[in-house]
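Subject: Structure for your review

Dear colleague,

Please find below the sequence and the structure that I am handing over to you. My notes on what was found follow directly after.

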Amino acid sequence: VQSNPILYRPGEKPDHCVVIKYVPYVGDSKRAMDEYTSEIMMGGTNTIVLHNTCEDSLLASPIILDLVILTELCQRITFQTESDPKFQTFHSILSILSFLCKAPLVPNGTPVVNALFR
């Protein structure tokens, strides 16, 4: 968190923790174990544990395609405002792509938004 001031302001902390360890034996396959805990009646808890094995590069492919398609679409759009009737394009740094990136690059002064709930 301290090494990434783009995502977290001083004193701000994430609401969850992700640990990634490299295991040479599994190569491009990645294994994930997720735990979801919920409250049940009479003060009890219920935990569901999922074990997932998948190919890391195959998981990234759809996001890369979405980034390319969204970038292409944004390059075609022109707009005008009431104060400036001249048609213009988006800023060369497309802030809209920040929804698909962990640490997006945005123009100076633009708030970083990389999650729909923020």
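I96 is found in the segment after β4; strands (E, at least two residues) and helices (H or I, at least four residues) are DSSP runs, numbered from the N terminus. At 40% relative accessibility, I96 counts as partly exposed, a class that lies between buried (under 20% relative accessible area) and exposed (over 50%), with a 1.4 Å probe and protein chains only. Together with I63, F99 and L100, I96 makes a nonpolar surface patch of about 320 Å². Patches consist of residues with over 30% relative accessible area and no salt bridge, where nonpolar side chains (Val, Leu, Ile, Met, Phe, Trp, Tyr) are joined within 5 Å and like charges within 9 Å. The accessible areas come from the Shrake-Rupley method with a 1.4 Å probe, and for residues only the protein chains shown count as cover.

Please note that this is a predicted model, in which local features need pLDDT of at least 70 and side-chain atom pairs count only at pLDDT 80 or more, whereas totals for chains, interfaces and linings use all residues. Residues are numbered from 1 along each chain as its sequence is written, and side-chain values use heavy atoms, with hydrogens and water left out.

The segment after β4 also holds F90, which pairs with F79 of strand β3 (residues 78-79), 11 residues away, and so links distant parts of the chain. The count of aromatic pairs comes to one, where rings of Phe, Tyr and Trp (its six-membered ring) pair if their centres lie within 6.5 Å, and planes count as stacked under 30 degrees apart, edge-to-face over 60 and tilted otherwise. The ring centres of F79 and F90 are 5.6 Å apart and the planes stand at 35 degrees, so the pair is tilted. F79 is partly exposed at 29% relative accessibility, and F90 is partly exposed at 35%.

A search of the whole structure finds one salt bridge, defined as a side-chain nitrogen of Lys or Arg within 4 Å of a carboxyl oxygen of Asp or Glu. It joins the side chains of R76 and E72 at 2.6 Å, N to O. Both residues lie in helix α1 (residues 56-76), four residues apart, about one turn of the helix. R76 is exposed at 63% relative accessibility, while E72 is partly exposed at 39%.

Finally, strands β1 (residues 29-39) and β2 (residues 45-55) pair in the antiparallel sense over 11 bridges; pairing requires at least two DSSP bridges. E35 stands opposite V49 in β2.

With kind regards
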